[in-house]
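I opened my notebook on this one to look at how its chains meet. Here is what I looked up, in the order I did it.

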Amino acid sequence: MNHHAAPTIVVENASLKFENKTVFQDLNLTLQGGKLTCLLGASGVGKTSLLRLIAGLSEPDFKGNTAQAGNLISYMAQTDLLLPWLTVLDNVLLGSTLRGSTSPREKAHELLANVGLGSALNLFPRELSGGMRQRAALARTLIEDTNVVIMDEPFSALDAITRYNLQTLAAELLRDRTVFLVTHDPLEALRIADEIYIMSGSPASLHSPFTLKTKTPREISSEELLELQPILFTELLKASETTV
Amino acid sequence: MNTLSRGIILFLGLILLWETLVITFSIPPYILPTPLEVFNSLFVHKNLLCSEAMTTITETLLGLILGILFGCATALCMVFFRPITLWLLPILLISQAIPTFAIAPLLVIWLGYGMSSKIATTVLMLFFPITSAFFDGLRRTDKGWLDLAKTMQAKKWRVFWYIRIPAALPSLASGMRVATAIAPIGAVVGEWVGASKGLGYLMLNSNERMQIDLMFAALITLIVFSLLLYFSVDKLLRKLIPWQIEA
């Protein structure tokens with residue numbers, strides 16, 4: 001697949017009401033083609049709603065346009081969503097099974113080896129650690145080979161070191177795709193994002209994004225990361241005041 | 001002390017208490033026989049007990065299998081054709097509101113004294129726990145899995161077959177456990193109402209003839225069979241659905 005064709009996704013005038021409460025109104029967001037965009041914000045501010053909207057997972061009372069129509073997306077959630085009755089290999093092949101298309105078994109082997117699960121092909125999810133499960137979920141996301149990848153706090157349930165390693169792995173394997181990643185961890189965003197948005201307020205709005213220039217994944221000691229960290233923190237602190 | 005040795009000690013203690021009670025109050029054997037007399041009866045009538053037990057076992061197993069099939073089919077109907085649920089549910093509830101004892105004589109009239117009326121009683125008693133458990137399981141598929149399937153452009157029936165049904169199996173398994181526990185009751189109730197074979201028939205018959213020791217022997221046979229059936233089914237379900245513990 002030609003990842004140079006990774007599309008830019010434009011969300012225009014998105015509004016969402018939930019039980020008479022306006023979650024957000026007239027929201028505009030651009031996900032640059034082939035770039036990784038992070039969305040930061042406090043819990044409950046509406047990050048996941050916006051993500052579901054872009055992923056085409058129906059939300060009631062939504063108005064607005066997203067230009068993702070026609071683009072296939074793949075989706076990775078906070079929980080691994082591995083099916084407990086399938087082996088790691090069959091879980092990775094789930095998409096082709098559910099579509100009834102031929103299973104790309106060789107590619108699955110290759111991807112599982114890439115995420116360090118080459119020897120766990122025939123294990124069941126219950127036999128894996130949290131980090132291994134999330135790596136299997138990453139392989140399942142990658143095998144879909146879509147130009148657009150949507151991720152909802154994919155590493156938040158992991159310990160700091162496992163999370164760090166998975167961020168590195170994900171940033172490398174997702175390069176040149178249009179990625180939208182929701183997180184509440186500013187360090188995660190600073191390590192792997194090309195653009196960072198902050199969502200805050202009620203109804204929620206988006207701040208003009210931070211654009212990062214250096215190549216991802218960034219080291220903890222990266223100059224750009226260290227320079228932006230206090231600024232991002234200050235913004236998040238301000239944002240939290242407007243949300244409450 | 002492990003479960004087995006505790007069980008054995010409890011069992012022997014109860015037997016001892018029983019024996020003491022009968023001796024102390026000199027209870028006549030036509031009211032309460034001693035454990036020894038019951039074991040003696042078990043041994044003397046072993047051929048009779050075995051052949052009668054075979055009838056009850058066949059009725060129970062056939063009732064259980066048909067009940068599971070019927071229960072699963074009903075649950076699938078209710079999921080696939082939502083409007084049917086509205087019409088089917090009251091009928092299901094009515095079928096459960098009528099005591100089995102009340103409807104069993106009718107089943108004997110309709111289906112005869114043979115095995116079919118007993119199987120029908122069993123099916124009637126146990127299909128509802130199956131239907132209800134499976135239906136619940138099918139409706140409660142993890143929303144995350146369904147979202148994932150949607151982003152994968154999954155075909156609807158494939159989602160049903162590869163996700164919703166396996167996800168409902170742990171729930172179905174608990175319904176099957178309940179059904180397994182009550183299946184022998186269904187068969188015996190059917191036999192009490194009208195039969196010429198089976199452990200229920202033997203119990204009723206020996207009761208009328210004041211052969212209380214034989215009645216106890218039949219009861220013990222029934223208990224042993226029921227326990228064996230339950231634990232075998234439980235073990236089988238654990239083996240077949242290993243993901244039910246975490247689900």
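Predicted model: local features only at pLDDT ≥ 70, side-chain atom pairs only at ≥ 80, totals over all residues.

My entries below cover confidence first and then the contact between the chains.

**Entry 1: confidence.** I found a mean pLDDT of 87 for chain A, with 92% of its residues at 70 or more. I then asked where in chain A confidence is lowest and where it is highest. I found the lowest in strand E4 (residues 62–66) of chain A, with a mean of 64. The highest is in helix H2 (residues 88–92) of chain A, at 96.

**Entry 2: extent of the contact.** I looked up how many residues each chain brings, and noted 23 residues from chain A and 21 residues from chain B. I read the buried area between chain B and chain A as about 2,100 Å², with 66% of it on carbon and sulfur atoms.

**Entry 3: polar links.** I counted one salt bridge between chain B and chain A. I wanted to know which side chains meet in it, and they are B:Asp147 and A:Arg52, at 2.7 Å from N to O. I also noted eight residue pairs in polar contact between chain B and chain A, both residues at pLDDT 80 or more.

**Entry 4: the chain B side.** Finally, I sorted the residues of the side of chain B that touches chain A into twelve nonpolar, three polar and six charged.

Methods. Residues numbered from 1 in each chain as written. Chains lettered and ligands numbered in written order. Heavy atoms only, no water. Contact = heavy atoms within 4.5 Å. Buried area = accessible area lost by both parts, 1.4 Å probe. Salt bridge = Lys/Arg side-chain N within 4 Å of Asp/Glu carboxyl O. Polar contact = N/O pair within 3.5 Å; in protein donor to acceptor, adjacent residues only side chain to side chain. Nonpolar A, V, L, I, M, F, W, Y, C, P; charged D, E, K, R; others polar. pLDDT = per-residue confidence, 0-100. Helix = DSSP H or I, 4+ residues; strand = E, 2+ residues; numbered from the N terminus.
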